[in-house]
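Work through the exercises below with the sequence and the model side by side. Each task is followed by its solution.

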Amino acid sequence: PSTKVYEDDLVYAFNDIDPKAPFHVIVIPKKHIASAAEITAENSSYISAVFEAIAKIAAENNLEKGFRVVNNCGEDGGQTVHHIHFHLLARRNLQWPPG
């Protein structure tokens, strides 16, 4: 189960069940792409649609102070779900390196 934040023909976004920021949404393409390592010319339109959706979600949720988009790729990159997804985090000061 998920709480939908955004949906269109190519993208679905929902609230993270274990948020790391006051605003933490997961944004996924509706086409299965296992990880960033599998982005190709044939499926990259889904990734651009994800980032277009992120811009819409940010605008609709008044994230004008800023936000962070995170993608984990591969085991060493911390990927635990093998469907590409992007974490949209906001509404707190997100330092670098992450902590």
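Contact here means heavy atoms within 4.5 Å. Axes are lines fitted to C-alpha atoms, for helices over the stretch in contact, and angles run from 0 to 180 degrees between N-to-C directions. Helices (H or I, at least four residues) and strands (E, at least two) are DSSP runs, numbered from the N terminus. The model is predicted: local features need pLDDT of at least 70, side-chain atom pairs count only at pLDDT 80 or more, and totals for chains, interfaces and linings use all residues. Residues are numbered from 1 along each chain as its sequence is written, and side-chain values use heavy atoms, with hydrogens and water left out.

**Exercise 1.** Find the strands that helix H1 lies across.

Solution. Locate H1 at residues 44-60. It lies across S1, S2 (11-15), S3 (23-29), S4 and S5. Then compare directions: H1 runs at about 155° to S3.

**Exercise 2.** Give the order of the strands in the open sheet, and explain why one side of S1 and of S4 has no neighbour in the sheet.

Solution. Two strands pair if DSSP finds at least two bridges between them. The five strands follow the order S1-S2-S3-S5-S4, with antiparallel pairing. S1 (4-7) and S4 (67-70) are at the edges with a single partner strand each, so one side of each is left without a neighbour. From one strand to the next, the twist averages 20°.

Now take the pairs. S1 and S2 are joined by three bridges and form a hairpin with three residues between them. Five bridges connect S2 and S3. Tyrosine 12 in S2 stands opposite glutamate 7, and its bridge partner in S3 is isoleucine 28. S4 pairs with S5 (residues 86-90) over four bridges, with valine 69 opposite leucine 88.

**Exercise 3.** Trace the salt bridges of glutamate 7.

Solution. A salt bridge is a side-chain nitrogen of Lys or Arg within 4 Å of a carboxyl oxygen of Asp or Glu. Glutamate 7 pairs with lysine 4 at 3.3 Å and with lysine 30 at 2.9 Å. Lysine 30 sits in the loop between S3 and H1, 23 residues from glutamate 7.
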